[in-house]
Amino acid sequence: MPKNVLVVDDSAMMRRIVIEQLRACEFDVNVIEAEDGRQGLERFKLGDIACVLSDWNMPTMDGLTMVREMRKLDPHSRVSIVMITTNGNADNIMHALHAGADQHLAKPLTPAHFKAALTAILG
Ligand SMILES: [Mg+2]
């Protein structure tokens with residue numbers, strides 16, 4: 001059974017890049033796309049998501065707010081949440097982790113980093 005991965009990013013091009021990386025890693029996944037935090041959260045509420053890969057800066061609802069809302073629904077952190085950001089500074093990483101993200105990946109994404117971060121979840 002492929003695992004459902006929710007890819008949340010307001011940039012269609014970034015979503016394509018993330019999905020290509022998932023394919024390149026040959027994970028057995030079914031990708032679900034959302035264009036902003038609100039859409040991502042609505043899909044999350046329907047359940048059966050193994051992993052969320054989310055952008056930080058998005059209109060309507062940003063990634064941090066979305067992660068906080070997801071963790072209210074998933075207080076035992078059963079779903080893995082990976083935050084992808086342009087700015088990998090220490091403050092941002094701390095914010096992401098405090099909001100409830102399990103991991104942080106900085107752009108540009110490399111296949112090696114992607115595989116290292118996700119193999120335990122999706123491998
Ligand atoms: Mg964005």
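Modeller: Two strands count as paired if DSSP finds at least two bridges between them. Strands (E, at least two residues) and helices (H or I, at least four) are DSSP runs, numbered from the N terminus. Residues are numbered from 1 along each chain as its sequence is written. The model is predicted: local features need pLDDT of at least 70, side-chain atom pairs count only at pLDDT 80 or more, and totals for chains, interfaces and linings use all residues.

Colleague: Which residue in strand 2 stands opposite Val5?

Modeller: Val31. Strand 1 (residues 3-8) and strand 2 run parallel, joined by six bridges.

Colleague: And what order do the five strands of the open sheet have?

Modeller: The order is 2-1-3-4-5, with parallel pairing. Strand 2 (29-34) and strand 5 (103-106) are the edges, each pairing on one side only.

Colleague: New topic. Where is Glu26?

Modeller: In the loop between helix 1 and strand 2. Glu26 is not a glycine, yet its phi is positive, about 60 degrees.

Colleague: Is Glu26 buried or exposed?

Modeller: Exposed, with 10 other C-beta atoms within 10 Å. The cut-offs: buried is 20 or more other C-beta atoms within 10 Å of the residue's own, exposed is 12 or fewer, partly exposed is in between, with C-beta atoms placed from the backbone.

Colleague: What about Thr60, what is its phi?

Modeller: Near 70 degrees, also positive in a residue other than glycine. Thr60 lies in the loop between strand 3 and helix 3. Thr60 is exposed, with 12 other C-beta atoms within 10 Å.

Colleague: Last one. Which peptide bond is cis?

Modeller: Lys107 to Pro108, with omega near 0 degrees. Pro108 sits in the loop between strand 5 and helix 5 (111-122).
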